[in-house]
Amino acid sequence: MSTTTPAHHAPAASTAQAGLDPRGPQFTAAVTAVVLLAVLVLPTTAATVLVAVQAALFGLGATRGVQHTPTAYVFRRFVRPRLSAPDELEDPRPPRFAQAVGLAFALTALVGFLAGAPVVGLVATGFALVAALLNALFRFCLGCELYLLLQRATHRTA
């Protein structure tokens, strides 16, 4: 059962072209969580390199869409064929926005590490890790929920 808001899901038949298998972003979040956990335990130099790589991946997901990332390719090629069809497909816009939020945290972490403020880097990484774990373990996407809140706030009707 998904804990995401129903508004960001649509029936599989009506969005077959544009919808995402919701397990794809969940898989990406699991990989991201492993990377971010490594950032927290590695020496600062290695952590800086790894958070830069993660920032690039978030940037790709934010600009092209989460479905165009290397982890999405791995999911489609190796994981998805072993799973049953999803019950519903997900609107790709909320996960794309979530990637932009992840990018902001990764860039904050990178700047912190590069500026000699490793505590800033570690705290920003920790926040991103919590968000990734929530998505990976419970399919609860904080960035997606923020996207939906912003949509509701900016599209009010009288």
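**Pockets, salt bridges and surface**

Modeller: Lining the second largest pocket are Gly19, Leu20, Asp21, Gly24, Pro25, Val66, Gln67, Ala72, Phe75, Arg76 and Arg80. A pocket here is an open set of points on a 1 Å grid, each fitting a 1.4 Å probe, with protein on both sides within 12 Å along at least five of seven lines, and lining residues have an atom within 4 Å of a point. The model is predicted, so to speak of local features a pLDDT of at least 70 is needed, side-chain atom pairs count only at pLDDT 80 or more, and totals for chains, interfaces and linings use all residues. Residues are numbered from 1 along each chain as its sequence is written, and side-chain values use heavy atoms, without hydrogens and water.

Colleague: How much space lies in the second largest pocket, and how do its lining residues divide?

Modeller: About 200 Å³ of space lies in the second largest pocket, and its lining residues divide into 5 nonpolar, 3 polar and 3 charged.

Colleague: And what volume does the largest pocket have?

Modeller: The largest pocket has a volume of about 430 Å³. It is lined by 28 residues, with Ala98, Ala131, Ala132, Asn135 and Cys141 nearest its centre. H1, helix H4 (93–114), H5 and helix H6 (142–154) are the elements that give two or more residues to this lining. By class, the lining of the largest pocket has 18 nonpolar, 8 polar and 2 charged residues.

Colleague: Changing topic, how many salt bridges are there?

Modeller: The count comes to 3 salt bridges, with a side-chain nitrogen of Lys or Arg within 4 Å of a carboxyl oxygen of Asp or Glu. Asp21 pairs with Arg23, where the closest N and O atoms are 2.8 Å apart, and Asp21 also pairs with Arg80, where they are 3.0 Å apart. Asp21 lies in the loop between strand S1 (9–11) and H1, and Arg80 in the loop between H3 and strand S2 (88–90), so this pair ties together parts that are 59 residues apart in sequence.

Colleague: Is Asp21 buried or exposed?

Modeller: Asp21 is buried because its relative accessible area is 11%, the cut-offs being under 20% for buried, over 50% for exposed and partly exposed in between. Arg23, at 19%, is buried as well, whereas Arg80 counts as partly exposed at 25%.

Colleague: Which residue forms a salt bridge with Asp91?

Modeller: Arg93 does, with the closest N and O atoms 2.5 Å apart, and at 51% relative accessibility Arg93 counts as exposed.

Colleague: Last topic: which residues form the nonpolar patch on the surface?

Modeller: Leu37, Leu40, Val41, Leu42 and Leu122 form it, with about 410 Å² of accessible area together (Shrake-Rupley, 1.4 Å probe; patch residues have over 30% relative accessible area and no salt bridge, nonpolar side chains being joined within 5 Å and like charges within 9 Å). Helix H1 (residues 23–41) supplies the largest share of this patch, 3 residues. Leu122 sits in helix H5 (residues 118–138) and counts as partly exposed because its relative accessibility is 35%.

Key: Helix = DSSP H or I, 4+ residues; strand = E, 2+ residues; numbered from the N terminus. Buried < 20%, exposed > 50% of the residue type's maximum accessible area, 1.4 Å probe, protein only. Points joined across faces, edges and corners; volume = space filled by probe spheres on them. Nonpolar A, V, L, I, M, F, W, Y, C, P; charged D, E, K, R; others polar.
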